[in-house]
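Reader: I would like to go through this model with you. Could you show it first?
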Amino acid sequence: MIEKMEFISITGPKADIDRVVDQYLSRYEIHLENALAELNTVQNLSPYLQINPYKPLLSRAEELEALLEPRDTEEAASISLEDAAALVEELDQKLSGLDADKKSLDEQLHRTEELLQKLEPFGHLEYDISTLLNFRFVYCQFGKIPKEYYSKFETYVYDNMDTLFYRCYADDHYIWGFYFCPRVQADRISAVYASMHFEQMDIPQELWGLPEQVRRKLTVQQKDLRESLVTADGQMRELIESHSARLRAARKKLAAQSRNFDVRKLAACTRQKDREVFYILCGWMSRQDAQSFQRDIAEDPSLYCFVESGDSQGHGEPPTKLKNPKVFKPFEMFVRMYGLPSYHEMDPTIFVALTYIVIFGAMFGDAGQGLCLAVGGFLLYHFKKIDLAAIIGTAGICSTIFGLLFGSIFGFEDVIPALWLRPTTAMADVPFLGKLNTVFVVAIGFGMFLILLTMIFHIVNGIRNHDVENIWFDQNAVAGLVFYGSLVAVILLFSSGHALPATVVLVVMFGVPLLIIMLKEPLTRFVTKQSPAIEGGKAMFFVQSFFELFEVMLSYLSNTLSFIRIGAFAISHASMMEVVLMLAGAEAGTPNWLVIILGNIFVTGMEGLIVGIQVLRLEYYEMFSRFYNGGGKPFKPFLKKEN
């Protein structure tokens with residue numbers, strides 16, 4: 001159902017807007033419109049221009065709240081706006097200081113870990129590094145050389161250069177160490193080492209000394225820094241948690257104030273000299289909320305409210321707010337996927353819910369698999385609140401019912417009796433056509449019923465919108481309903497052996513509706529007193545109308561035959577499970593239960609997905625297209641309702 005809307009205009013002294021929003025409007029859902037756009041014919045109005053000062057504080061409060069441990073329940077705290085702002089600023093300042101200390105500790109820890117990593121290849125060296133680096137006549141350089149170049153280095157460099165390489169550590173790719181050479185030849189020898197891809201390493205002064213002693217010192221320092229970081233984290237957490245209740249209250253207070261302040265963006269202000277400035281707010285409320293709102297403000301002398309019905313034409317199309325029983329609410333997802341109904345359209349949610357689960361059940365009729373879908377879907381909805389899971393669970397109930405009607409449970413057709421028929425074996429005699437599978441005949445009959453029902457919905461929507469063409473002359477209006485209804489009556493009369501009445505209906509009721517559908521445009525213009533009745537050349541009009549009528553006839557046929565898929569999937573499901581049972585060796589009397597379980601899982605997943613998509617296709621293309629436009633504007637409450 002679509003809730004009835006009321007358009008409200010609120011006005012009062014400009015300085016009073018925050019009180020009104022906080023005291024009254026925050027208790028209701030209101031879809032605000034831009035007051036300047038709504039009152040574009042009124043002079044001396046200006047926008048309410050003012051920057052929201054609470055957004056930076058709110059953003060920081062949200063960041064601080066995100067640091068809190070999640071809790072299911074916490075005692076609610078009360079806080080004023082001034083105290084909320086002061087608390088956030090105080091916590092922000094203290095945490096900024098602690099955070100700066102933590103960053104300094106992080107940098108020191110990172111530096112210590114880098115030093116340990118650099119010292120690791122030389123950890124077993126039993127010489128003071130500072131001594132090696134400070135010889136007077138001998139130059140010492142630490143570094144690493146790739147393994148593939150080390151053998152070349154030994155062959156060519158040792159025989160031709162005054163140098164000595166001391167190997168310290170090796171892995172799969174590199175050899176770490178240091179070399180000595182005379183200082184007077186350092187540049188030349190270093191160039192030769194570089195040609196051998198020797199990578200020099202600068203040894204910072206923090207590593208000077210005996211490597212083992214330096215490593216122990218750095219390890220202790222690393223441990224102390226980590227403990228200091230843990231302490232800093234604990235201080236920050238303790239500071240935040242000690243103010244958790246007040247911080248959450250402050251965030252809520254700032255959010256409410258920021259939200260109230262944002263209302264001003266959609267308000268208009270009067271501009272008159274020497275007079276008090278007033279604000280104007282415009283928006284949509286549900287009729288129930290609008291009536292309650294009027295009662296609340298009845299005794300407020302500073303607030304004025306004017307209410308207009310949503311059916312009036314002065315403020316454009318009202319937004320659409322769906323309100324359906326809880327059991328049907330998940331199916332609103334399918335309606336939104338196609339497009340929300342406009343305010344004056346029917347809400348098809350209940351129709352979609354009922355037809356979807358019935359068609360799904362008929363196409364996927366298995367008591368065992370349907371029960372699994374129902375249990376799994378409802379459990380997933382209970383824990384995750386996913387609308388699609390609720391739809392699957394509801395459809396699973398209908399699948400279980402049809403499984404009992406078909407006598408099918410987990411693919412076994414001989415365990416329980418069929419309360420109605422077996423899809424693969426039930427046959428019916430159809431005049432002029434002979435024997436046909438019963439499920440095909442029932443599917444076509446059910447499809448005809450749904451097409452007639454959607455035509456009635458189309459007429460109802462036409463009446464709501466005062467659209468003459470869509471009430472009387474369209475292919476889905478009264479003319480189309482009479483034609484298609486007559487066609488259904490003829491088929492039923494012929495099928496029941498009443499050929500003469502069927503012929504009379506065929507002659508009398510077919511021609512006139514088709515002629516009306518063909519001439520719907522000139523008839524509409526004539527009834528609504530528009531001229532000329534036929535635009536353009538008459539010959540071209542009749543040629544175009546003839547081919548359009550031919551297309552309409554084909555659409556009736558294709559839409560009707562499209563419902564055969566209901567019976568086709570009912571049969572294919574039974575056939576697929578026969579294949580699973582055959583592969584499991586069920587005919588031999590000793591089935592492989594693992595194959596049966598895996599086969600049921602596969603069929604449930606794959607066919608359940610395909611059937612779900614096919615049912616949705618029937619909803620959108622064969623039913624929605626006949627009566628539903630889906631061009632509605634969603635109801636978006638600017639304020640979050642507070643009790």
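Predicted model: local features only at pLDDT ≥ 70, side-chain atom pairs only at ≥ 80, totals over all residues.

Reader: Which elements give two or more residues to the lining?
Author: Strand S11 (427-430) does, along with helices H15 (438-464), H17 (478-495) and H20 (538-561). The largest share is from H17, with nine residues.

Reader: How does the lining of the largest pocket divide by class?
Author: There are 24 nonpolar residues in the lining, with three polar and one charged.

Reader: Turning to the packing, which residues have the most contacts inside the largest nonpolar core?
Author: That core has 56 residues, and those with the most contacts inside it are Phe-334, Tyr-356, Ile-359, Phe-360, Tyr-484 and Ile-566.

Reader: Take Tyr-356. What is it in contact with, leaving aside neighbours within four places in sequence?
Author: Tyr-356 is then in contact with Phe-331, Phe-334, Ile-391, Gly-612, Val-615, Leu-616 and Glu-619. There is also a second, separate core of 24 residues, with Ile-17, Leu-25, Ile-297 and Leu-303 among them.

Reader: How many aromatic pairs does the structure hold?
Author: It holds 36 aromatic pairs. In one of them, Tyr-54 and Phe-261 have ring centres 6.0 Å apart and planes at 70°, so this pair is edge-to-face.

Reader: Where are those two in the chain?
Author: Tyr-54 is in the loop between strand S3 (45-47) and helix H3 (55-66), whereas Phe-261 is in helix H9 (residues 244-262). The pair links distant parts of the chain, 207 residues apart.

Reader: Are Tyr-54 and Phe-261 buried or exposed?
Author: Both Tyr-54 and Phe-261 are buried.

Reader: Which residues form an aromatic cluster?
Author: One cluster is formed by Tyr-338, Phe-351, Phe-457, Tyr-620, Phe-624, Phe-627 and Tyr-628.

Reader: What does Ile-397 contact, leaving aside neighbours within four places in sequence?
Author: Its contacts are then Gly-370, Ala-374 and Phe-378. The C-alpha atoms of Ile-397 and Gln-369 are separated by 10.0 Å, with the two residues 28 apart along the chain.

Terms used. Residues numbered from 1 in each chain as written. Heavy atoms only, no water. Core = buried A, V, L, I, M, F, W, Y, C linked by side-chain atoms within 4.5 Å. Buried < 20%, exposed > 50% of the residue type's maximum accessible area, 1.4 Å probe, protein only. Contact = heavy atoms within 4.5 Å. Helix = DSSP H or I, 4+ residues; strand = E, 2+ residues; numbered from the N terminus. Nonpolar A, V, L, I, M, F, W, Y, C, P; charged D, E, K, R; others polar. Phe/Tyr/Trp six-rings, centres within 6.5 Å; stacked < 30°, edge-to-face > 60°.
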